[in-house]
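Below are some notes for a colleague who is meeting this structure for the first time. Please read them with the model open beside the text.

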Amino acid sequence: MLQEIFKKPVNGFSDIFDVGIYNVATRQKVNCNNVFIQTLYCYYRGGLTPSLQQWFDGMAQQGFFCFPDKRTVFNESEFVPPSRDKNFLMTSCEYDPKLWQEVLEFYKLRQVKTVLRMKFKIDDIKNTYHKYDQAYNGFKNEPLIMIKTDMMFDFYKYPKTDYEKALFAMYAGIRSIIGNKDFAATTGSMIQCRMFGAKNATALAPILKDKKVKAAHTKYTTAYHYKKMLKELVALGFLKSEIGFNRRTYVSCRLTMKELEDAIITDIENKSLKSKVKQVEQSRLDSIKSLKRRLNNIN
């Protein structure tokens with residue numbers, strides 16, 4: 001999705017966050033009973049998506065749903081829908097998987113909307129996600145990026161310059177490399193791939209066919225911009241530390257410069273030990289093969 005920042009400077013960010021909101025929603029664990037109760041609540045009080053409203057209205061015309069007296073369903077602020085309506089909705093979802101998926105999708109997005117205290121049309125989030133989900137083949141095997149909500153809201157609500165957008169893209173790309181680790185050892189070329197929405201150099205090639213993305217890539221991957229942006233990410237607190245050493249770029253959102261330095265030493269020592277262990281193992285295997293050959297010759 002990061003390539004959308006450069007493809008669509010005006011609304012690329014909003015599309016990215018819409019997809020992010022959907023992803024957060026779908027990862028929620030839910031209580032099925034609450035799903036049916038909240039969906040019925042929205043039917044009685046308003047707030048369903050147009051598609052679900054149409055389904056409920058159609059069922060109501062056939063006599064399967066009714067608008068009960070509010071005094072009977074709202075008891076001391078607790079909502080208790082008629083068991084007849086609830087049972088019919090449950091049975092309908094059981095026999096119609098598409099309806100169940102739509103109800104579940106609606107419930108999860110409504111819950112996230114409440115948690116994030118955001119105002120958005122659930123249908124808009126759904127439509128944006130499914131558009132990109134189809135275009136990008138379900139985001140299969142694509143790395144995820146964890147972004148703080150206050151940062152998301154800042155970029156979502158307030159206009160940013162092209163440079164600020166590129167800076168965010170670099171940060172997000174680096175976060176996709178670090179993941180949940182304390183730090184990552186990577187390369188400048190990999191950071192630049194992730195910055196433009198590619199998980200590797202092979203995936204970058206088709207992305208750069210877009211003229212806007214290509215122009216931004218040419219501009220922001222120069223040695224001047226690359227080094228400048230890395231330093232600014234640390235200065236602004238997006239990254240906590242960054243050290244270029246031995247043709248690798250070490251980056252962290254948790255470790256200070258000194259802590260990252262210590263981590264680099266430990267990492268190099270561990271890799272060196274692993275290399276020595278592999279050499280020992282290979283020597284051992286070679287000796288075993290040699291012994292077998294020699295014993296065969298004796299026999």
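This is a predicted model: local features need pLDDT of at least 70, side-chain atom pairs count only at pLDDT 80 or more; totals for chains, interfaces and linings use all residues.

1. Leaving aside residues up to four places away in sequence, His217 touches Phe196, Leu204 and Leu208.

2. Elsewhere in the chain, three strands make an open sheet whose order is 3-5-4, with antiparallel pairing. Strand 3 (184-186) and strand 4 (241-245) are at the edges and have a single partner strand each, so one side of each remains without a neighbour in the sheet. On average, and with direction ignored, neighbouring strands of this sheet are turned by 20° against each other.

3. Looking at one pairing in detail, strand 3 and strand 5, the latter spanning residues 248-252, run antiparallel and are joined over three bridges. Within this pairing, Thr186 has Thr249 of strand 5 as its bridge partner.

4. Phi is positive at both places although neither residue is glycine, with a value near 55° for Asn246 and near 65° for Arg247. Asn246 counts as exposed because its relative accessibility is 58%, and Arg247, at 81%, counts as exposed too.

5. Turning to charged side chains, how many salt bridges does the count come to? The count comes to ten salt bridges. One of them joins the side chains of Asp85 and Arg84, with 3.7 Å from N to O. Asp85 is buried, its relative accessible area being 0%, whereas Arg84 is partly exposed at 47%.

6. Another salt bridge brings together the side chains of Lys126 and Asp123 at 3.8 Å, N to O. Both residues belong to helix 8 (residues 122-135), where Lys126 and Asp123 are three residues apart, or about one turn of the helix. Lys126 counts as buried at 10% relative accessibility, and a network of salt bridges links Glu105, Asp123 and Lys126.

7. In helix 15 (residues 257-298), Asp267 and Lys271 are four residues apart, again about one turn of the helix. Their side chains meet in a salt bridge of 3.3 Å, N to O. Asp267 is buried, with a relative accessible area of 17%, while Lys271 is partly exposed, with 45%.

Note on methods. Residues are numbered from 1 along each chain as its sequence is written. Side-chain values use heavy atoms; hydrogens and water are left out. Two strands pair if DSSP finds at least two bridges between them. Helices (H or I, at least four residues) and strands (E, at least two) are DSSP runs, numbered from the N terminus. Axes are lines fitted to C-alpha atoms, for helices over the stretch in contact, and angles run from 0 to 180 degrees between N-to-C directions. Contact means heavy atoms within 4.5 Å. Buried means under 20% relative accessible area, exposed over 50%, partly exposed in between (1.4 Å probe, protein chains only). A salt bridge is a side-chain nitrogen of Lys or Arg within 4 Å of a carboxyl oxygen of Asp or Glu.
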